[in-house]
Amino acid sequence: MLITLLGDFQYGSIKNHTATPKCSYHRQFHEKTCGLKELNFAGWVCNKKVLLNPMLYGYDNFNECHPGHVKLWSFGNHKLGPARFGINDAKAYSGHYEKILCPKVRDAANRKHFDGTYAHACQVFWVSTHYRIVGWFDDEKEPIVHEFNRGMREFFDSGKCGPINYIDVYNMTLGLKNKTENVELSYDRVHWGMEVNLVKAQILLNVLINQH
């Protein structure tokens, strides 16, 4: 999103490019060397009218849910307990969120002004995970990831967790499954490079624009 809205394809997502000059262009998405350690934690875009502030841990600042704010987050390939418990498991994630997140979402949606009218809380969007060319573990194989995204969509679309919107980028990346160039578009056959991520960012922008 930062790269797209800033128009800076060389260092748009990097916090301090002078300290990490190698994290440029496609290498901005190299998760272990640039994507996590050097990610820009906030960036003003759209003529400094919009602040993008990534939620790296999914829901760490959800209490700051104010009118006009938009929160995007996604999880899946992260364990919720011992060993690999919860990875790409929609039932486990749904139960996890019901305990620690959904009550906050419902509370924010039902918050009232002093005059009894309902406040308009921030918009919350869950972004699906993407198709992986290679699943290194059994719980990363295509049928498991497919079922996880289907289950999470059913969970959020049901309204059980409050008014959370769902953005699908899984099917877009799944369309690359049988393309001969898919390995070239991914830098490690798990994470996608700049071209695919720019398309994902455009999908997010289209959804946000259509919401207003």
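This is a predicted model: local features need pLDDT of at least 70, side-chain atom pairs count only at pLDDT 80 or more; totals for chains, interfaces and linings use all residues.

Biologist: Where does histidine 130 sit in the fold?

Modeller: In a loop. That loop runs between strand S4 (123-127) and helix H5 (142-157).

Biologist: Why is histidine 130 called buried?

Modeller: Its relative accessible area is 16%. Buried means under 20%. Therefore histidine 130 counts as buried.

Biologist: What makes the approach of histidine 130 to lysine 200 a polar contact?

Modeller: The two side chains come to 3.4 Å. The cut-off for such N or O pairs is within 3.5 Å, so this pair qualifies. The histidine 130 side chain also reaches the backbone oxygen of valine 190, at 2.9 Å.

Biologist: Lysine 200 belongs to which helix, and is Lys200 buried or exposed there?

Modeller: Lys200 is in H7, and it is buried. Other buried residues of H7 include Met194, Val196, Asn197, Ala201, Leu204, Leu205 and Leu208.

Biologist: What covers the buried residues of H7?

Modeller: The cover includes helix H1 (2-6), strand S3 (70-73) and S4. Strand S5 (164-167) and helix H6 (170-174) are also part of it.

Biologist: How do you know that the span of helix H7 agrees with its 17 residues?

Modeller: Helix H7 covers residues 194-210. The expected span is 1.5 Å times one less than the number of residues. For H7 that gives 24 Å, and the end C-alpha atoms are 24 Å apart, so the two agree.

Biologist: Now the cysteines. What makes cysteine 23 and cysteine 34 a disulfide?

Modeller: Their sulfur atoms are 1.9 Å apart. The limit is within 2.5 Å, so the pair is a disulfide.

Biologist: Why is the disulfide of cysteine 23 and cysteine 34 called left-handed?

Modeller: The torsion about its S-S bond is about -80°, so it is left-handed. Cysteine 23 lies in the loop between H1 and helix H2 (31-35), while cysteine 34 is in helix H2. The pair therefore ties together parts 11 residues apart in sequence.

Biologist: How many disulfides does the rule give?

Modeller: The count is 2. Besides the pair above, a disulfide joins cysteine 102 to cysteine 161, with S to S at 2.0 Å. Cysteine 102 lies in helix H4 (residues 102-109) and cysteine 161 in the loop between H5 and S5, so this pair ties together parts 59 residues apart in sequence. Its S-S torsion is about -100°, so this disulfide is left-handed.

Biologist: Why is cysteine 46 called partly exposed?

Modeller: Its relative accessible area is 38%. Buried is under 20% and exposed is over 50%. The value falls in between, so cysteine 46 is partly exposed.

Biologist: And the protein as a whole?

Modeller: It has 7 helices and 5 strands. Of its 212 residues, 39% are buried. The protein exposes about 12400 Å², with carbon and sulfur atoms supplying 56% of that.

Methods:
Residues are numbered from 1 along each chain as its sequence is written. Side-chain values use heavy atoms; hydrogens and water are left out. Helices (H or I, at least four residues) and strands (E, at least two) are DSSP runs, numbered from the N terminus. Buried means under 20% relative accessible area, exposed over 50%, partly exposed in between (1.4 Å probe, protein chains only). A polar contact is a pair of N or O atoms within 3.5 Å; within protein, one must be able to donate a hydrogen and the other to accept it, and residues adjacent in sequence count only if both atoms are side-chain atoms. Contact means heavy atoms within 4.5 Å. Accessible areas come from the Shrake-Rupley method with a 1.4 Å probe; for residues, only the protein chains shown count as cover.
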